[in-house]
Amino acid sequence: MTTQTVPAPRPEGSTAAAPLLEASGVIMRFGGLTAVNNVDLTVNKGEIVGLIGPNGAGKTTFFNCLTGLYVPTEGTVRYQGTVLPPKPHLVTSAGIARTFQNIRLFANMTVLENVLVGRHTRTKEGLISALLRGPGYKKAEAEGREKAMELLEFIGLDHKADHLSRNLPYGEQRKLEIARAMASEPGLLLLDEPTAGMNPQETRAAEELVFAIRDKGISILVIEHDMRFIFNLCDRTAVLVQGQKIVEGDKETVQNDERVITAYLGAPLEGATDAAASTEADQ
Amino acid sequence: MTTTKSPALPLPLPAAKALVLAGGLATAASAFIHWTWTSEFPGDLTIDGYPGGLQILTLTAGLLIALFSLPLYGVKGTRWLTPAGPNAPLLVLGAAAAATTWFTLIAISTELGGLANLEPGGWIAGVASLLPLIGALGLPQTGSTVGLPSSGGVLAITKHYLGAFTRLVGPNPDLAPVKPLNRWVETLIIIAVAALGLTVFTYGIVTEYGELFIGFLILTGLGTWALMRAGLISRLTALTARHRGTTTAAAFAAAAAFPFTQSDDHFASVGVNILIFATVALGLNVVVGLAGLLDLGYVAFLGVGAYAAALVSGSTSSPTGLHLPFWGAALVGMAAALVFGVVIGAPTLRLRGDYLAIVTLGFGEIFRIAVNSLDGVSGPKVTNGPNGIRNIPDLDILGFDFGQAHTFGAFTLGRFANYFLLMLLVTAFVVTVFSRANDSRIGRAWVAIREDETAAQAMGINGFKLKLLAFALGAALAGLAGTVMAHVSYSVVPDPYQFAGAVPPNSAFLVAAVVLGGMGTIAGPLLGATMLYLIPEKLVFLKEYQLLVFGIALVLLMRLRPEGLIANRRAKLEFHEKDDEPAAPAESDDAPARTEPGPAGLTTAGA
């Protein structure tokens, strides 16, 4: 259950080791609707993997299957070789942290408190020790604050530690959500549309932030609609269309794939396939 | 930071200043002449040179006005009282003096039947109390002025002028922190504030008739507003935050001094009941204020504690026949309530929001019906059903018999005073538990669950386990208070432990005390519980209209201060979102979000 992460190995060429995250044959059905259909995905240590797809392709559903918010109808998700328990808080303590597509900060808590809540699984002080306030408790609190401040420094929000998170501008809220997720000392960070609603400068800053997180030894799985962002960032990209993974590979493989183009831009009329021709072209 | 600097009444500034000071002194002086001819009106306002009852309130208001008008003349040292300027607080104080005095005059003439019952002194007081208000209207105010009402009935015009008055006073200031004073000076100030608080509270508790209590509420309510507008409250808050230990000790000492100010045990019994009610409300605040779980059956835990303590108290009607010392009974009461809390919480806490509230309401009633039935007829004989467990012997801790009056030097402490001091220790314990739990990893997790349970779980928080912990802790604290309550009231019967009733404690009053006082704070539920206990007690003279007036008062309070009397930082922002936005000065670099100040920006700019 420890998530001590060693310095990042080289992103490529480390495939010989067991993958960090291994989802195999994940199927998620809601009644008659199959939102995620037999998806396999692996993330190796030190990798940044992208997950793209048109709206409604099942990306977020797949994310929720990985983080225990949903229990997959079929298939297994393994993290460092062990099957993940189907409870969000246990997944987090196993070492997978996430952010949300629509920011879900604790709006009425301060910036620092948000990050401290993120450290919940990495601290153990219970109610009794909080009531007794022994030296061990004080040490742990001080240490927690220190680590939280380090993270805030890392994302550049340390000067706003005492602000309520609801008062932060949008871009900083996104950053804070990432810091809060990182506070649980994850081995794998799942980012759900981290640049949604950002302008180009902010998107570039987010790119740098993601690289910096990877350099800390944390692997990243990211959902995004911004193609330039994804292709700049990711070592590998998987494309999800109508719940199925249609292709996975590097930038060129994905960009040149017929089915991806069809899914995003629609097929030419005469050669219409049964692919999702009607899905909207995003970006 | 200022917008309009024009007075509402066109008076020359020196005249306005003089009118305020002289009016204040005249108001104070008018309390020394007789206002009516008969001592039939309670408080006896017929004696010259000896202010009685409501006249004392007028006197206090007049003296406060005189004190706060000293900064107008630049008297050295008095500026500390009004960091945000004396003009707006004087306006509110002027209204306070006028309202208290005119309330008295109206009460005299309606109760005695006619204006003829007012002696010239009453008319003098009425006129004198209007002078400071007129003078203060002639001072330049930072708030915005409003013209005459367009049209409408009496209600609409009243509403218009009340609104205009509120706007004229302006919002409470956000002050920059000031340089700390000498440590000893600050300690002395804290002690003085605690002593003042004790005086005000004691005065409120011992008011003997409803009219005086209403006058007291008018004066303290408006007076507190004035102090807040003066910036004095936020200055004192900053000061107490710097010396938390001293403040806690001073507050505790002031509360402990209460029974020593009483020669009669009656008000000590009111005091101990307030303390029990307030302590249970603080326990409920863990559940409602921190973890955000609405529990409408909370009083059952108080009942569990009381019954458990009664069963092991050595009472003749207890079937167990056990007689444990108090610490044993307290532990049994806490443990029983804790177990009950877990048993109720485990199945119900899987629900959220309204569903949880309904289910806890049901469980609370189940407790009451169950103890009613355990009478040897419908069930095993444990609680004697509606007769309850009676003849609970008084506590005896280390040879100190709580049932006897004890004399310490010049002071005599009666039975209820003894229990008051014991209950105060319990309250102090609960306050400590609350504040330490709140400021910890567990407390943060509770608040996170309240804010967004899904996100909290994604942060690794086991939502169910922590909610159960909050439920169990809250239950145990109520159980502890119940053990004292069993001994204070001689007997334990099922009746008080219901959802709603005319007198506290019951679940509805407890929730109201927490919400009215301020969720998530310590002082809030204590103050809220005190008010909710005193108001029905003092409004007995309204007879059948008592609950109606009480209900209207609650609705008004929640309309005016939705975040509660004492708001914590978070709640304040939650309920006054739009007022807050342009205020934060440190965020001026977020220019794009704030290019249009809008109407909200204009009104708060005067702060």
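Predicted model: local features only at pLDDT ≥ 70, side-chain atom pairs only at ≥ 80, totals over all residues.

Reader: What makes H11(B) "mostly covered"?

Author: The count of buried residues: 13 of its 13. To be called buried, a residue needs 20 or more other C-beta atoms within 10 Å of its own.

Reader: How do you know that Leu284(B) is buried?

Author: Just set its count against that cut-off. Leu284(B) has 29 other C-beta atoms within 10 Å, and the cut-off is 20 or more, so Leu284(B) is buried. This leucine is found in helix H10 of chain B, residues 265-290.

Reader: Which residues does Leu284(B) touch, leaving out those up to four places away in sequence?

Author: They are Asp295(B), Tyr298(B), Gly474(B), Leu510(B), Val511(B) and Val514(B). Take Leu510(B): it sits 226 residues from Leu284(B) along the chain, yet their C-alpha atoms are separated by 7.4 Å.

Reader: Why are helices H3 and H4 of chain B called roughly antiparallel?

Author: H3(B), residues 87-112, and H4(B), residues 120-137, pack at an angle of about 160 degrees, with axes 8 Å apart. Anything over 145 degrees counts as roughly antiparallel, so this pair gets the name. Their crossing is left-handed, by the way.

Reader: What classes of residue make up the contact of H3(B) with H4(B)?

Author: There are 14 nonpolar, 5 polar and no charged residues. Among them, Leu90(B), Trp102(B) and Ile108(B) come from H3(B), while Gly122(B), Ser129(B) and Leu133(B) come from H4(B). Gly counts as polar here, which is handy to know when you sort Gly122(B).

Reader: And why do H14(B) and H17(B) count as roughly antiparallel?

Author: The axes of H14(B), residues 415-438, and H17(B), residues 463-488, cross at roughly 175 degrees and come within 10 Å. The cut-off is over 145, so they are roughly antiparallel to each other. Their contact has 13 nonpolar residues, 1 polar and no charged. Val426(B) and Val430(B) are among those in H14(B), and Leu477(B) and His487(B) among those in H17(B).

Reader: How many residues does each chain bring to the contact between A and B?

Author: Chain A gives 30 and chain B gives 29. On the chain A side, helices H2 (88-94), H3 (111-118) and H4 (127-132) each supply at least two. By class, that side has 12 nonpolar, 12 polar and 6 charged residues.

Conventions: Residues numbered from 1 in each chain as written. Chains lettered and ligands numbered in written order. Axes fitted to C-alpha atoms, helices over the stretch in contact; angles between N-to-C directions. Helix = DSSP H or I, 4+ residues; strand = E, 2+ residues; numbered from the N terminus. Parallel < 35°, antiparallel > 145°, perpendicular 65-115°, else oblique. Left-handed = near helix turned anticlockwise from the far one by under 90°. Contact = placed C-beta atoms within 7 Å. Buried ≥ 20, exposed ≤ 12 C-beta atoms within 10 Å, placed from the backbone.
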